[in-house]
Amino acid sequence: MPGTLKIILFLTLLISSISTCFAASSGNLNVSVEEIIPISQAVEPYFDSLVESSGINVNEEPLFHGLWGPDGSRLVIDAFFNPMTGTGLYAVYVLNADGSGIRELASTPNNTKERSLSIRGAYWLIGNPCSWSQWSPDGSRIGIYTNIFTLRDFYVIADPDNTLIKTAGECNYTTVDEIRENILDLEWQTNFMWNPEGTKALIIMDQDPRSYQLYLLDPDGYVLQKLTDTSASDRVETALWSHDGKKITYSITSTTGQTADEETGLWIINENGTENERLTDNGIAIAWSPDDSRVFYIDENFSLYSVKIDGTDEVQLSTSFARNEDVFSFSPDGKSLIFSTVNDGKATISLADSTGKNVKVLEEFPGHIVIKPSWSPKGDKIAFTQGTDLYTINLDGTGKKLISSAIKDYEWHPSGDFISFVSSTSVFVASPDGSTKIQLTEDDNNYRFLADRYRNGWSPDGSRLLVSQGGFKGLFVIELEGYEDPLSIDFLTPIEGENCKLRVRCMSEPIANALITLNENEIGFTNNSGILNYSCPAAGRYVINASKAGYRSANKVLIVEDTSSASPEKSVVSETSSVPSSDSENEGTSGSVFQVSGFRGTTVVLFLLFFICRRNSL
């Protein structure tokens, strides 16, 4: 028996050392490419056909932008010509992450030089996180930025699965020709932003952009409520949802230069339009604190502040913060934040707690350069660039490591296990301390990442990286080995109290025999068409989960509203964003090769332990 105990103790220590080794050693970084998918080549035949049918004579290659859907199974792609003179041709497509299942959402044939309509499903505006086109968190709608230069900026709402396309706001135009012919009937629009559950959206709009007001829209773009009614000399500037979707902070600025007006400043209002309160007499909101107890904003002097939502405990973080240039970001656990400033001939990265207090300089160096700091998804390190050098650093300012030199772009993998970057026109990944580097693509392919400060080139599950080539003349998806394809869930014709359909797919293909649970209680399996018929539950909030061996499980929140409070024109059931589960919380790391190897190694040791114990008992 003592001998057996010694062996057990030895093997237990061995298991512990193996686990520690796999968790800490950078030498176990094992990332390889399954396939590089030419997404733009899948789109080009459709766009070429559009060019031919439109009769446009161009001597240039089309450009492409892309944007991941919220579950990583689909992409929205822009293909367009946008010459400096003449007319532009634009088309928006949706397709699967593997390049299959392409369909056109909208296109703009018959454009004229004077009224060249631009429609951009993957477009973003620099410095304004609420202004680009956006998937709803549940993936059921896309808010698409559209404009005719100098005439109107506005949005249309598209359904990626069906035929719905409608102008957001008071007008109800459903075709490109209708939009073009009635362009002056549309409002100027900006700041389109879905709520966290995808059931509503904010938009700032008015026929006169000097009189912008804040509105609440339903998922199809219909106006639910006008939330503000400022005087003629003031307008709403920006607006942000709280993380729980129950409140909105917005800013009112003067169009006449007067700043002592009773209306100007930073405000908070409930999403139903009640309890409209002013926090400060000036300020542009840039973020809510993770617990929604505070709002961060900048004043007219570019000073950065935070304040409690009752207007008390104002804290100044910085005297020089440019929201269009500097970075402001909370840690993954919501306990800390970083922000950057470029001022007085130096660039600074600062760290503070989640209230904005206890500010300390993390890194500082001379020069007016873009430093682009970002949190590791694990929250233990911060990456930043100094010139063209990429570094990581610990939160206490120690452990600064050079990851690579002469980089063009970088981005953390969603797992935080490694960091990706472009150097010498090729894509690499490296361990967070830079000790291990792996080249994913061949040299001289001229790849660039699509990501900016607010949007990711990595798919949400970390299985695929979307990159551009040759100045947006090509789009490619780099698919990594070891990841399962994601399931997606759709609710079809859901009406409270009636029999409804729930559909499970992967890359647009129906998935049979997928297990469906409602609030962790099994409700059935999908049929050969990927459909489960079920009885819609009573009003409330429910979590739907779909799972099947060999696929990454999917979660969605199902909100069933009381029929008496729902709009008679709209469905009373809404799909909302994915929620974490025990499987999905670690989805970014579950596919990494070294973790699988570590699990198998531990299993072998446990098997040996069992064998030895069994032998000694005989």
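Reader: Is D98 buried, partly exposed or exposed?
Author: D98 is partly exposed, with a relative accessible area of 35%. Buried means under 20% relative accessible area, exposed over 50%, and partly exposed in between (1.4 Å probe, protein chains only). One caution: this is a predicted model, where local features need pLDDT of at least 70 and side-chain atom pairs count only at pLDDT 80 or more, while totals for chains, interfaces and linings use all residues. Residues are numbered from 1 along each chain as its sequence is written, and side-chain values use heavy atoms, with hydrogens and water left out.

Reader: And where is D98 found?
Author: D98 lies in the loop between β4 (89-96) and β5 (103-107). Strands here are DSSP runs (E, at least two residues), numbered from the N terminus.

Reader: OK, salt bridges. How many does a search of the whole structure find?
Author: The search gives 22, a salt bridge being a side-chain nitrogen of Lys or Arg within 4 Å of a carboxyl oxygen of Asp or Glu.

Reader: Which side chain meets D159 in one?
Author: That's R141, at 3.3 Å, N to O. The pair links distant parts of the chain, 18 residues apart: D159 is in the loop between β9 (152-158) and β10 (165-167), and R141 in the loop between β7 (134-135) and β8 (142-148). D159 counts as buried because its relative accessibility is 7%, and R141 does too, at 15%.

Reader: What about R141 and D220, how long is that one?
Author: The salt bridge between R141 and D220 is 2.7 Å, N to O. D220 sits in the loop between β13 (213-217) and β14 (223-226), 79 residues from R141. Both R141 and D220 are buried.

Reader: Which residues are linked in a network of salt bridges?
Author: R74, D161, D490, R503 and R505. Within it, the side chains of D161 and R505 meet at 3.2 Å, N to O. D161 is in the loop between β9 and β10, and R505 in strand β39 (residues 499-506), 344 residues apart. D161 is partly exposed at 25%, whereas R505 is buried at 11%.

Reader: Switching topic: why is β36 largely enclosed?
Author: Because five of the six residues of strand β36 (residues 464-469) are buried.

Reader: Which strands does β36 pair with?
Author: β36 pairs in the antiparallel sense with β35 (residues 447-449) over three bridges, and with β37 (residues 474-480) over six bridges, also antiparallel. Two strands pair if DSSP finds at least two bridges between them. F449 stands opposite V467 in β36, and L466 has V477 in β37 as its bridge partner.

Definitions and conventions. Helix = DSSP H or I, 4+ residues; strand = E, 2+ residues; numbered from the N terminus.
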